[in-house]
Amino acid sequence: MSDLKLAVFDVDGTLVDSRQVITEAMNRAFQRAGLGEIGYERTRTIVGLELTEAVLRLAPEDYPAERIPELATYYKQAFVEMRAEDGFNEPLYEGARETVERLADEGWLLGVATGKARRGLDIVFEHHGLHRFFQTLQTVDHGVGKPNPRMVLDAMDEVGARPQETVVIGDTSWDMMMARNARAGAYGVTWGFHTPQEIAAGGAHEIHDAFSGLNAALDGFAPGAHTAASTHSDDKGGAA
């Protein structure tokens, strides 16, 4: 039996706490388009999707389709502006770096599957010094985004992993659906954008409230052992 194991992480809401900055960037984009603020409760539902798809879902039904790319550009411009402002911050979640470093030290292969463009991913990873831990970085620049399995399949192809050797870790239903569509493990985390109920509806095999529970699950990960029923660990790592 192969001892190869691949963990594919989402970024926003999983490794990086970007809730405030994504909401502000979306607010600025919609205000620039004359649509007013969009707010966190609506913005959080589309995080993880490819940007054009995301703003299409948020825009009013009667918003001209030909202006959707412009609205996406406004969002990207807002993010560039915000990164240049004093006080801009996209912190790692507490425990994220320790988990990534530990998995790398223990021989896991690590990957990313994110709705970010590669440029945005590189900025975040360079700031936090994370590039050296990851063998495969999958973004939406060159193909379809979540919940299509393309990014996970490409990650597996790049490192030579099979679905039964792969687990996807993310905070949204889109991540869980992507994982299931790739026939990989689907481990949800609740500290990001989607609720536990939404993550479960996406098909999560397991749901964790803190890195302690996630780490315990990864320690027990065995290739091919994805379970059909979901479990939910509390912040002490126990089943809830």
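Which backbone nitrogen does the side chain of His 194 reach at 2.9 Å? The backbone nitrogen of Ser 173. The model described here is predicted.

His 194 lies in the loop between S5 and helix H9 (196–201). Its relative accessible area is 5%. The cut-off for buried is under 20%, so His 194 counts as buried.

Leaving out residues up to four places away in sequence, His 194 touches Arg 44, Thr 45, Asp 171, Thr 172, Ser 173, Trp 174 and Ile 199.

## Thr 14 and the aspartates

Thr 14 sits in another loop, between S1 and helix H1 (19–32). Thr 14 is buried too, with a relative accessible area of 1%.

The side chain of Thr 14 makes two polar contacts with aspartate side chains. One is with Asp 10, at 2.8 Å. Another, of 3.1 Å, is with Asp 171. Asp 171 is also touched by His 194. Beyond its neighbours within four places in sequence, Thr 14 is in contact with Phe 9, Tyr 93, Ile 169, Gly 170, Asp 171, Val 189, Trp 191 and Phe 211.

## Strand S4

Strand S4 covers residues 166–170. Five of its five residues are buried, so S4 is largely enclosed by the rest of the structure. Thr 166, Val 168 and Gly 170 point one way from S4. Val 167 and Ile 169 point the other way. In a regular strand, side chains alternate between the two faces of the sheet.

S4 pairs with S1 in the parallel sense, over four bridges. In that pairing, Val 8 has Val 168 as its bridge partner. S4 also runs parallel to S5, and four bridges join them. Here the partner of Ile 169 is Tyr 187 in S5. S4, helix H8 (residues 173–181) and S5 form a right-handed β-α-β unit.

## Strand S2

S2 spans residues 109–113. Four of its five residues are buried. S1 and S2 run parallel and are joined by four bridges. Phe 9 stands opposite Val 112 in S2.

S2 also pairs with strand S3 (residues 136–138), again in the parallel sense, over three bridges. Gly 111 stands opposite Thr 136 in S3. A right-handed β-α-β unit is made by S2, H6 and S3.

## The nonpolar cores

How many residues make up the largest nonpolar core? That core has 30 residues. Leu 110, Phe 125 and Phe 134 have the most contacts inside it. Several elements give two or more residues to this core, including strands S1 (6–9), S2 (109–113), S4 (166–170) and S5 (185–189). The largest share, four residues, comes from H10.

Phe 125 shows what such packing looks like. Setting aside residues up to four places away in sequence, Phe 125 touches Val 11, Leu 15, Val 112, Leu 130, His 131, Phe 134 and Leu 137. A second, separate core has 27 residues, among them Ala 29, Ala 33, Val 55 and Ile 68. In soluble globular proteins, nonpolar side chains tend to be buried together.

Note on methods: Residues numbered from 1 in each chain as written. Predicted model: local features only at pLDDT ≥ 70, side-chain atom pairs only at ≥ 80, totals over all residues. Heavy atoms only, no water. Core = buried A, V, L, I, M, F, W, Y, C linked by side-chain atoms within 4.5 Å. Buried < 20%, exposed > 50% of the residue type's maximum accessible area, 1.4 Å probe, protein only. Contact = heavy atoms within 4.5 Å. Polar contact = N/O pair within 3.5 Å; in protein donor to acceptor, adjacent residues only side chain to side chain. Pairing = 2+ DSSP bridges. Right-handed = clockwise from strand over helix to strand, strands pointing away.
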